[in-house]
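Visitor: I would like to learn how to read a structure such as this one. Please take me through it feature by feature.

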Amino acid sequence: MQDIDITSTQSLIDRYYEEEKAQREMEQTLATVTTRLDASDLAMLSIISKRFRKTREEVAQEVLSSALVDLFARVDAGERKLMARDADDSAKSIANEIAEENGVHSIEFKGGAWGNHDRAITKLERKKAKQDEEAEASFEKAVAERVAAALAAEQSEPQSADAAEPAEVEETSQYSETAAIDKTPAAVETQVEEESEESAAEMADEESEAPASMFAG
């Protein structure tokens, strides 16, 4: 158990050494930049620094670093790649100059920071472009489906009207046939009555003529 505790402590001390070394190397390659701020910006810088227990120089350094990345991201992709290459090439020589000013003749400087930024930004841009293309394709598909549905609805309306017309014609013919059937018995009855009346008249004439003949004989 004691060995494990010692190992953990040694690991912690090793981490402290590494952090100290990294901090020293960073400080050896930092250059002082003088800038001018108005009262409002300086007041906010002081408030933020005090709130998070940092110096104004530390906050200003981080703000400027983040702002440079944002500006770099807005540059055209082709020009951005060239700018990243030029910045990474000159960063090494600038770091050596700053180190010499701080009394250090040899430093370990890891370059390629802006090339990494460029690759990360390019990856995000491609992802966003792909998402935009998918969204546009989905929108066009939805519009096409709506147009097709509207055309199908318009084509089905005339067919419904054509189907209704034969039904009306069939209903009219059925009505005519029914009316003709209804009228036929009446016509037959009228004809029978007329024939009966004619027969009765003929019989009356014959009866009136028969007595006359007998008396004439």
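Guide: Residues are numbered from 1 along each chain as its sequence is written, and side-chain values use heavy atoms, with hydrogens and water left out.

Visitor: What is the mean pLDDT of the protein chain?

Guide: pLDDT is the predictor's confidence in each residue, from 0 to 100. The mean for the protein chain is 78, and 69% of its residues reach 70 or more.

Visitor: Where in the protein chain is confidence lowest, and where highest?

Guide: Helices here are DSSP runs (H or I, at least four residues), numbered from the N terminus. Confidence is lowest in helix 5 (residues 113-216), with a mean of 70, and highest in helix 2 (residues 39-51), at 95. Over residues 210-217 pLDDT stays under 50, and the model has zero contacts there beyond four places in sequence; a contact means heavy atoms within 4.5 Å. Where pLDDT is low, the predicted coordinates should not be read in detail.

Visitor: Is Arg 53 buried or exposed?

Guide: Buried means under 20% relative accessible area, exposed over 50%, and partly exposed in between (1.4 Å probe, protein chains only). Arg 53 is exposed, at 80%. This residue sits in the loop between helix 2 and helix 3 (56-73).

Visitor: How many salt bridges does the structure hold?

Guide: Side chains of opposite charge can pair when their charged atoms come close. A salt bridge is a side-chain nitrogen of Lys or Arg within 4 Å of a carboxyl oxygen of Asp or Glu. The structure holds six. One of them joins Asp 118 and Arg 80, at 2.8 Å from N to O. That pair links distant parts of the chain, with Asp 118 in helix 5 and Arg 80 in helix 4 (residues 77-101), 38 residues apart. Asp 118 is buried at 4% relative accessibility, and Arg 80 is buried at 0%.

Visitor: Which residues are linked with Arg 80 in a network of salt bridges?

Guide: The network takes in Arg 80, Lys 81, Asp 118 and Glu 125.

Visitor: What separates Lys 128 and Asp 132 in helix 5?

Guide: About one helical turn, because the two are four residues apart in helix 5. Lys 128 is exposed at 51%, whereas Asp 132 is partly exposed at 42%.
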